[in-house]
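Hello,

Here is the structure I promised to pass on.

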Amino acid sequence: MFSLQSRQFDKAIERFKTVIELKPDAESYFYLATGYENIGMKSDAVAAFKQSKQLAADPSLSQFIDRKIEELSK
């Protein structure tokens, strides 16, 4: 999280990939997608957001993810 907050997106991406290998969850995929989005890797961001949505139990998060995917797909 600190890597994202301090705008060290490359480090954040690598760290979230490691977290996902150990224990995949919606939150980790969401933050991985956020890292990708911030460095302009739109297709990777969309893929990670889709994984997050599949694992998310929160309907409001799913709606937010749908909006992010639509925005990145333009």
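**A residue on helix α4**

Lys50 sits in helix α4; helices here are DSSP runs of H or I with at least four residues, strands are runs of E with at least two, and both are numbered from the N terminus. Before going on, please note that this is a predicted model, in which local features need pLDDT of at least 70 and side-chain atom pairs count only at pLDDT 80 or more, while totals for chains, interfaces and linings use all residues. Residues are numbered from 1 along each chain as its sequence is written, and side-chain values use heavy atoms, with hydrogens and water left out.

What does Ala48 contact, leaving aside its neighbours within four places in sequence? The partners are Tyr29, Leu32, Ala33 and Tyr36, where contact means heavy atoms within 4.5 Å. The C-alpha atoms of Ala48 and Tyr31 are 8.6 Å apart, and these residues are 17 apart along the chain.

Ser52 belongs to helix α4 as well. When neighbours within four places in sequence are set aside, Ser52 contacts Ala26, Tyr29, Phe30 and Ile65.

**Helix α3 and its cover**

Helix α3 runs over residues 26-38. Its 13 residues reach 18 Å from the first C-alpha to the last, close to the 18 Å expected at 1.5 Å a residue; the expected span is 1.5 Å times one less than the number of residues.

Which residues of α3 are buried? They are Ala26, Ser28, Tyr29, Phe30, Leu32, Ala33, Thr34, Gly35 and Tyr36. Their cover includes α1 (2-5), α2 (9-22), α4 (42-55) and α5 (59-72).

Take Ser28 in helix α3 as one case. Ser28 is buried, at 7% relative accessible area, and it touches Phe16, Val19 and Ile20, not counting residues up to four places away in sequence. Just after α3, Gly40 has a positive phi of about 85°.

**The whole chain**

The protein chain has five helices and zero strands, in the order α-α-α-α-α from the N terminus on. For 74 residues, a compact globule would have a radius of gyration near 11 Å, and the chain agrees with that at 11 Å (taken over C-alpha atoms; the rule is 2.2 Å times the number of residues to the power 0.38). The C-alpha trace spans about 30 × 30 × 20 Å along its principal axes.

Of the 74 residues, 36% count as buried. Among contacts with a separation of 6 or more, 35% come from residues 24 or more positions apart. The accessible surface is about 4800 Å², and 52% of it belongs to carbon and sulfur atoms; areas come from the Shrake-Rupley method with a 1.4 Å probe, and for residues only the protein chains shown count as cover.

Best wishes

Definitions and conventions
Buried < 20%, exposed > 50% of the residue type's maximum accessible area, 1.4 Å probe, protein only.
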